[in-house]
Each structure stands twice: as structure tokens, then as C-alpha cells.
Amino acid sequence: MALTRIKIDRVRNLRNVELPGLQQVNVFFGHNGSGKTSVLEAVHLLGMARSFRGQGFRSVISHGEDACVVFGVTRLPAIGTTITLGVQRSRSGEAQIRVAGKPVRTVAELAAQLPLQVINADSFGLLVGPPASRRQYLDWGVFHVEHTFFAQWQRFQRCIKQRNMLLRHGKLSEQEFEVWTQELVIAATAVNDHRKAYFDRLVPRFMDVMARLAPSIQGLELRFRQGWDSKSSYRDALEQSKAVDLDQGYTHAGPQRADIRVTVGGHSAGETLSRGQQKLVVCGLKLAQGQLMSELGVGTCTYLIDDLPSELDRVHSQQVCALLASMEAQVFVTCVEQDEIRSVWPESEALAMFHVEHGVIQPALTPNNTNIGPSNMPE
């Protein structure tokens with residue numbers, strides 16, 4: 001799946017922006033604050049109905065406006081089919097989502113159409129952030145390769161919410177508690193089995209990618225922690241923690257405590273590696289997921305990469321770009337100077353270059369004068 005066209009209106013400083021000539025690799029360059037990252041943010045809105053920045057949806061909407069709108073056309077290269085996507089977010093919190101012209105109720109239906117991977121400053125949270133960010137990373141992959149996962153995940157969320165409510169109630173109905181505990185065991189076991197199966201497939205891809213990106217990092221390991229003692233069944237784990245659960249009013253053991261541990265020589269990668277090495281590991285984690293999607297025949301993902309050259313030297317930037325090019329994934333990448341990407345991409349003539357200034361986007365000619373694409377030319 002690849003975006004061939006996008007229209008952006010009232011997303012931060014981007015108003016009435018239209019880019020109908022999107023290519024496999026799209027580079028947006030310009031000074032800080034020009035609107036480069038807002039382009040990536042708009043693509044993320046189109047695929048996830050929210051920003052990848054943690055500031056809430058209201059900050060995405062242009063100042064003084066009530067709503068923002070993003071519209072896009074995606075193409076399935078294998079069969080030549082196009083699908084339209086549309087998202088409108090209002091300050092009231094309402095989200096209107098359309099896929100192929102029809103309204104959809106859940107973001108999951110939208111996300112399945114345009115799988116997105118983000119590599120930016122916040123991505124370091126995969127190494128130094130809380131477990132929730134790593135669970136989100138893992139579940140993204142499982143969601144896109146295992147179609148029954150999302151329903152089981154939703155079921156698990158309902159069950160643990162109800163069980164926790166009963167734990168906090170005070171007057172516990174043992175019969176009702178047992179019913180919800182049994183439902184929780186079934187859903188949690190399914191979620192965990194899907195996660196483990198996916199993780200086992202992911203690890204060798206990750207190690208292969210890291211062998212190309214950073215062979216100097218020795219002793220790198222990726223481990224999955226399921227959220228309870230792996231030697232016990234989930235039912236047994238719940239029984240063992242029941243007294244503590246009752247005392248504190250919530251379920252301690254379970255998939256909600258799962259984590260991925262990235263280590264180097266047995267020590268946390270976030271505490272051991274330099275900032276540049278951490279970025280390579282983050283890139284490795286994200287690229288491995290894209291490779292796995294392609295290998296399993298479930299499509300390709302689109303990469304949104306904000307300021308790729310930051311923390312990476314020229315050699316490592318070239319290695320990341322070479323891997324991206326070999327995956328044939330669609331890429332949207334930002335930088336300050338256009339040569340920062342052009343000089344490290346293996347086939348620079350394949351790049352679609354766009355200059356961004358004060359929210360206005362204009363195509364920039366390549367040395368071969370091949371990049372003549374539309375933009376939001378102001379009237």
C-alpha cells in the first residue's frame with residue numbers, strides 16, 4: 001500500500017496543501033518550524049486518526065480553526081486498485097473517518113489500510129521509555145500480521161476492566177468473579193500466544209538488520225516478557241496473586257504487564273549504548289517489522305522519518321537508507337538541507353524532493369530535473 005496523493009487542510013501551519021504526485025521516497029526539507037514535521041503528522045492522521053506527537057489532537061488543528069482534514073489516495077501495486085482515505089478531527093473531539101468513501105467506526109479499520117511506522121525523537125522510548133511503548137510496538141506488528149488478534153485484545157481489555165471493577169467493589173460475588181476470571185484467562189492466553197508467535201518471527205529479522213546496521217554492537221539481545229512467570233499457566237498466576245489483587249484492587253499478572261527487553265551483554269541497551277547506537281537499534285526494530293510484514297505477504301508499511309541525519313553519521317545514514325531502499329517501502333523523510341538525504345540515498349534520482357517554507361510546499365528540481373511534482377502553489 002502506497003500513498004499516491006494527499007490533501008492537507010488546517011493541520012498546524014499547513015492549509016490547502018495538495019500533493020498529488022507522491023513517489024516511493026518523498027523528502028521534505030526546510031528550516032526548523034517550516035512545516036516539514038507537520039507533513040509527516042498529516043500522513044499519520046490519515047493512517048491513525050491522531051498525531052504521533054503526545055500533545056493531544058487539538059494542538060494539531062490550525063489556530064482559530066474548528067477542525068482539520070486530511071484526504072489521501074492509496075494504491076495496491078500488485079493489483080492496481082486505489083482506495084480513498086479521509087479523516088476529519090474537530091476540537092470537540094469528534095473524529096470522522098472514511099475508507100473508500102464509506103464511514104467506519106473504528107481506527108483499527110483505518111490503520112489496516114495504511115500501516116505506518118514512525119522514527120523520530122520519541123522513538124527512543126522503545127529503549128528508555130516505559131513498557132507501554134514497547135507493548136504498543138509489539139502489538140502493532142501482531143495486529144498487522146494476525147487478523148484475529150485485535151478481537152482477542154479487545155476481549156482481554158473488557159475482561160480485565162470488569163475483573164478489576166469487581167476487585168474494587170468490596171462485596172465480591174465469588175460466582176461472578178469466577179466467570180470473569182475464566183473469560184480473562186481465555187482472552188489473555190490468546191493475546192499472549194499471538195505475541196509470542198510474532199516475537200519469535202521478529203527476532204531473527206531484527207538480528208539480521210542489526211548485523212548490517214551496526215555489526216560493532218556485540219551481545220545484542222531481544223527478549224520477551226509475557227507479564228507473569230513463564231513456567232506457570234495464566235490461571236495459576238492469577239490464583240497465586242489473588243490475595244494481593246483483592247488487597248490492592250487490581251489484577252497484577254497478565255499481558256498488560258508484558259515487555260520487550262533490549263540488552264547488550266546482559267545490560268539495558270538504553271543505559272549502555274550511545275545516542276547514535278540507540279538510534280540504530282530503534283531503526284533496526286522498526287525496519288525488522290517492515291521486513292517481516294513483506295515476507296509474510298501481508299503488504300508493506302509506510303515509514304515516516306523525522307530528521308534522519310540527527311545522531312547518525314554519514315556511513316550509518318547510508319546503511320539505513322540502503323535497507324529502506326531494498327525493502328521498497330514508501331518513505332516520507334524530513335531534513336534541513338536536501339543534500340542530507342540525497343547524498344546518502346543509494347539512488348538519489350529516485351527521490352521526490354519538496355521544499356517546505358512557512359507551510360508552503362514546492363517541488364525541488366533534482367540534478368536531472370526529474371522531480372516536477374504538484375504542490376500547494378499559493379494564489
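**Aromatic contacts in the predicted model**

The charged end of Arg275 is placed over the ring of Phe124, at 3.6 Å from the ring centre. This contact belongs to a predicted model, in which six aromatic pairs are also found.

One of these pairs joins Phe28 and Phe354: the ring centres are 5.0 Å apart and the planes meet at 15°, so the arrangement is stacked, the limit for stacking being an angle under 30 degrees. Phe28 belongs to strand β3 (residues 25–29), whereas Phe354 belongs to strand β14 (residues 351–357); the pair therefore ties together parts of the chain that are 326 residues apart in sequence. Phe28 is buried, its relative accessible area being 0%, and Phe354, with a relative accessibility of 1%, likewise counts as buried. Together with Phe332, Phe28 and Phe354 make up one aromatic cluster.

A further stacked pair is formed by Phe150 and Trp153, for which the centre-to-centre distance is 6.1 Å and the angle between the planes is 15°. Both residues of this pair, Phe150 and Trp153, are located in helix α5 (residues 149–169), where a spacing of three residues corresponds to about one turn of the helix. Phe150 has a relative accessibility of 25% and is therefore classed as partly exposed; Trp153, at 28% relative accessibility, is also partly exposed. For both Phe150 and Trp153, the assignment follows from the range applied to this class, which lies between the buried limit of 20% and the exposed limit of 50%.

Conventions. Residues are numbered from 1 along each chain as its sequence is written. This is a predicted model: local features need pLDDT of at least 70, side-chain atom pairs count only at pLDDT 80 or more; totals for chains, interfaces and linings use all residues. Side-chain values use heavy atoms; hydrogens and water are left out. Rings of Phe, Tyr and Trp (its six-membered ring) pair if their centres lie within 6.5 Å; planes under 30 degrees apart count as stacked, over 60 as edge-to-face and the rest as tilted. Helices (H or I, at least four residues) and strands (E, at least two) are DSSP runs, numbered from the N terminus. Buried means under 20% relative accessible area, exposed over 50%, partly exposed in between (1.4 Å probe, protein chains only). A charge sits over a ring if NZ of Lys or CZ of Arg is within 6 Å of the ring centre and within 35 degrees of the ring normal.
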